[in-house]
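Work through the exercises below with the sequence and the model open. Each task is followed by a solution in steps.

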Amino acid sequence: EETDWHALSDVDGSDEEHGAPPQPVLAVVGRPNVGKSTLVNRILGRREAVVQDTPGVTRDRVAYDALWNGRKFTVVDTGGWEPDAEGLQASVAAQAELAMATADAILLVVDATVGATATDEAAAKVLRRAKAPVLLAANKVDDERLLADTASLWSLGVGEPIPVSALHGRNSGDLLDAILDALPETPKDTGGTGGPRRVALIGKPNVGKSSLLNKLTGEERAVVDAVAGTTVDPVDSLVELDDQLWRFVDTAGLRKRVRTASGTEYYASLRTKAAIEAAEVAIVLLDASEPIAEQDLRVLTMVVEAGRACVLAMNKWDLVDEDRRHQLVRELERGLVRVPWAERVNISALTGRAVRKLAPALRTALDSWDQRISTGQLNAWLSELTAATPPPVRGGKQPKILFATQAQTRPPMFVLFTTGFLEAGYRRFIERKLRERFGFAGSPVRISVRVRE
Ligand code: GDP
Ligand code: GDP
């Protein structure tokens with residue numbers, strides 16, 4: 001038996017796990033100032049709560065990894081959601097909707113000293129429809145005397161209010177126990193690996209990664225950087241694109257205040273590798289105003305070798321003129337021979353041009369990455385293909401493809417059972433035809449050949 005891996009990068013194709021194992025996701029929702037951030041810090045076991053005192057200050061929407069009683073889960077802090085034009089109620093309700101779409105359990109936080117406000121009710125109304133369990137934290141119950149206030153919160157119709165003081169930690173152990181009870185062992189199948197899909201934003205230095213992240217998250221953010229150095233690193237950013245939440249992994253280094261001058265290429269490449277490993281799909285930024293460099297191709301190769309889906313973002317498009325555009329076409333033809341399937345968008349992180357096209361491209365790439373072709377469909381197609389164009393004869397023998405199956409997704413991996421060796425050229429032909437027939441735009445595809453004696 002011969003296992004002959006064929007991928008665009010000619011890698012060995014080891015079937016390693018993709019990124020971190022899926023963790024259930026807890027979304028924390030509530031109107032501003034009820035103490036969500038303080039509570040999240042408490043859940044994460046930080047000694048010092050990092051809280052912005054100015055109401056309405058924009059904060060990052062961040063995903064954190066939490067650990068309690070030996071179980072890991074992800075906490076999505078929606079603290080940064082700002083009231084939009086439609087007002088606070090609408091924006092909190094929208095936040096609740098989003099939480100329902102992405103989380104395995106939802107924690108609604110209210111301020112027990114204030115009681116249920118109209119905004120709390122708007123959020124609760126949405127959450128009453130949730131399929132995922134909803135927990136109600138009655139926060140700011142700093143001492144016994146305030147306990148009586150919590151009973152009135154039953155009126156929100158989302159179950160028993162759990163009194164807690166995020167500030168002092170009172171009862172937070174009980175709340176965490178309740179959270180663990182509510183969270184499923186494994187995340188729901190959102191077509192992803194639980195929670196928002198994970199995106200790596202990568203590319204050589206100065207290509208515009210920070211600028212793009214800033215554009216996507218809104219300018220100048222505060223606070224969360226300040227928690228760097230705690231044991232729980234807030235390494236990821238949540239970004240809402242096209243009404244969908246995305247988890248941009250390992251963005252700490254892209255936040256201005258954390259950026260270091262010690263960006264040796266070796267270090268940068270380790271970071272890139274880590275981000276790719278943690279992600280499901282990579283946005284590879286290229287500087288469209290400059291010639292495509294060896295370093296760009298190295299980054300691309302890393303993505304393909306790791307088997308991640310890929311979107312190519314040609315950044316700084318605002319600097320691209322007619323002449324440059326012509327050059328670029330030729331450079332891309334030569335440079336991207338290995339990834340002709342990558343989704344491509346021409347953007348400007350500076351002006352915001354076409355940035356909204358990123359989300360559809362990411363979705364397409366991930367759909368391809370997740371795609372599974374049924375064995376029946378695959379073999380029907382393959383027998384037609386090989387009948388029309390049989391594998392070339394080798395050593396006087398005509399190899400036959402007996403059977404094919406898709407052994408894996410993420411990325412798609414196909415196994416062909418044959419009676420003889422298939423040349424690289426023929427395997428590439430099969431891949432090309434496979435893509436023509438079934439798509440797979442934005443995803444690497446692997447084909448493995450097993451020879452039956
Ligand atoms: P968020 O906007 O919902 O994220 O709320 P923050 O976490 O920023 O908290 C808003 C304010 O409430 C801050 O001044 C906190 O110190 C305060 N706060 C948070 N939790 C408690 C609590 O349990 N007790 C008291 N007394 N104050 C709290
Ligand atoms: P990073 O090192 O990849 O994070 O790159 P930065 O985001 O720091 O950007 C490097 C430089 O390129 C900065 O001076 C940005 O202002 C600039 N830049 C980023 N995106 C664009 C763009 O789309 N157009 C133009 N003209 N400049 C950009």
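This is a predicted model: local features need pLDDT of at least 70, side-chain atom pairs count only at pLDDT 80 or more; totals for chains, interfaces and linings use all residues.

## Exercise 1: Strand S5 and its partners

Task: decide whether strand S5 (residues 105-111) is enclosed or open, and state which strands are joined to S5 by bridges.

Solution. Step one: count the buried residues, taking as buried a residue with 20 or more other C-beta atoms within 10 Å of its own. In S5, 7 of the 7 residues are buried, so the strand is largely enclosed by the rest of the structure.

Step two: sort these residues by face. Ala105, Leu107, Val109 and Asp111 are buried on one side, and Ile106, Leu108 and Val110 are buried on the other. Both faces of S5 are therefore covered.

Step three: look at the pairing. Strand S2 (residues 25-29) runs parallel to S5, with 4 bridges between them. In this pair, leucine 26 has alanine 105 of S5 as its bridge partner. Strand S6 (residues 134-139) also runs parallel to S5 and is joined to S5 by 6 bridges. Here leucine 107 stands opposite leucine 135 of S6. Between S5 and S6 the chain crosses through helix H3 (residues 118-127), in a right-handed β-α-β crossover.

## Exercise 2: Helix H1

Task: list which residues of helix H1 (residues 36-43) are buried, and say what follows the helix.

Solution. Step one: the buried residues are Lys36, Ser37, Thr38, Leu39, Val40, Asn41, Arg42 and Ile43. That makes 8 of the 8 residues, so H1 is largely enclosed by the rest of the structure. Step two: glycine 45 follows H1, and its phi is positive, near 75°.

## Exercise 3: The largest nonpolar core

Task: find which residues touch the most other members of the largest nonpolar core, then follow the contacts of valine 311.

Solution. Step one: the core has 114 residues, and Leu26, Leu108, Val284 and Val311 touch the most other members. Step two: neighbours of valine 311 within four places in sequence are set aside. Its remaining contacts include Val281, Ile283, Val345, Leu358 and Leu362, as well as Glu343 and Gly442. In soluble globular proteins, nonpolar side chains tend to be buried together.

## Exercise 4: Alanine 293

Task: is alanine 293 buried or partly exposed, and where in the chain does alanine 293 lie?

Solution. Step one: alanine 293 lies in the loop between strand S11 (281-287) and helix H8 (294-306). Step two: alanine 293 has 15 other C-beta atoms within 10 Å, which means that the residue is partly exposed. Step three: glycine 335 is 42 residues away from alanine 293 in sequence, and the two are 8.8 Å apart in space, C-alpha to C-alpha.

## Exercise 5: Around ligand 2

Task: describe which residues form the shell around ligand 2.

Solution. Step two: by class, the shell has 6 nonpolar, 7 polar and 3 charged residues. Step three: helix H6 (residues 209-217) gives the most to this shell, with 3 residues.

Definitions and conventions:
Residues are numbered from 1 along each chain as its sequence is written. Chains are lettered from A and ligands numbered from 1 in the order in which they are written. A residue is near a molecule or strand if its C-beta atom, placed from the backbone, lies within 6 Å of it. Helices (H or I, at least four residues) and strands (E, at least two) are DSSP runs, numbered from the N terminus. Ala, Val, Leu, Ile, Met, Phe, Trp, Tyr, Cys and Pro count as nonpolar, Asp, Glu, Lys and Arg as charged, and the others, Gly among them, as polar. A residue is buried if 20 or more other C-beta atoms lie within 10 Å of its own, exposed if 12 or fewer, and partly exposed in between; C-beta atoms are placed from the backbone. A nonpolar core is a set of buried Ala, Val, Leu, Ile, Met, Phe, Trp, Tyr and Cys residues joined through C-beta atoms within 7 Å. Two residues are in contact if their C-beta atoms, placed from the backbone, lie within 7 Å. Two strands pair if DSSP finds at least two bridges between them. A crossover is right-handed if, with the strands pointing away from the viewer, the path from the first strand over the helix to the second runs clockwise.
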